[in-house]
Amino acid sequence: MEANELKAVEGTVLEAWCGVLGLDTVDPDVPFAALGGDSMRAVRVLSRLWRELGVELPVHALGNDTTAAELATAVHSRLNGQAA
């Protein structure tokens, strides 16, 4: 069940990245900055995840080198009561 939960979270993260970055698709292994992400867009992504999933992450959770897969793991951990 945990793998399915992580996949669902990753899907939400990818949707957030696509929406904020204005992209149709995002490779989950490409860093945020390589896709055009910056600090303002990072705040928008984190805000969207907070609204959609109820998870609050520190701004540094989404750095320039962070991939969607890495962020999804951090979100999943936070949702399961672990520090991200």
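Predicted model: local features only at pLDDT ≥ 70, side-chain atom pairs only at ≥ 80, totals over all residues.
I started with burial: 37% of the 84 residues of the protein count as buried (under 20% relative accessible area; exposed is over 50%, partly exposed in between, 1.4 Å probe, protein chains only). Residues are numbered from 1 along each chain as its sequence is written, and side-chain values use heavy atoms, with hydrogens and water left out.

Next, the fold. I get 3 helices and 0 strands, running α-α-α from the N terminus (DSSP runs numbered from the N terminus: helices are H or I, at least four residues; strands are E, at least two).

Then I checked dimensions. The C-alpha trace spans about 30 × 20 × 20 Å along its principal axes.

I searched the whole structure for aromatic pairs and found 1. W17 and F32 sit edge-to-face, 4.9 Å centre to centre with 65° between the planes (ring centres of Phe, Tyr and Trp, its six-membered ring, within 6.5 Å; planes under 30 degrees apart are stacked, over 60 edge-to-face, the rest tilted). The pair links distant parts of the chain, 15 residues apart: W17 is in helix α1 (residues 2–21), F32 in the loop between α1 and α2 (39–53). Both W17 and F32 are buried.

Last, I looked up E52 in helix α2. E52 is partly exposed, at 40% relative accessible area. From E52 to V13 I have 9.9 Å, C-alpha to C-alpha, across 39 residues of sequence.
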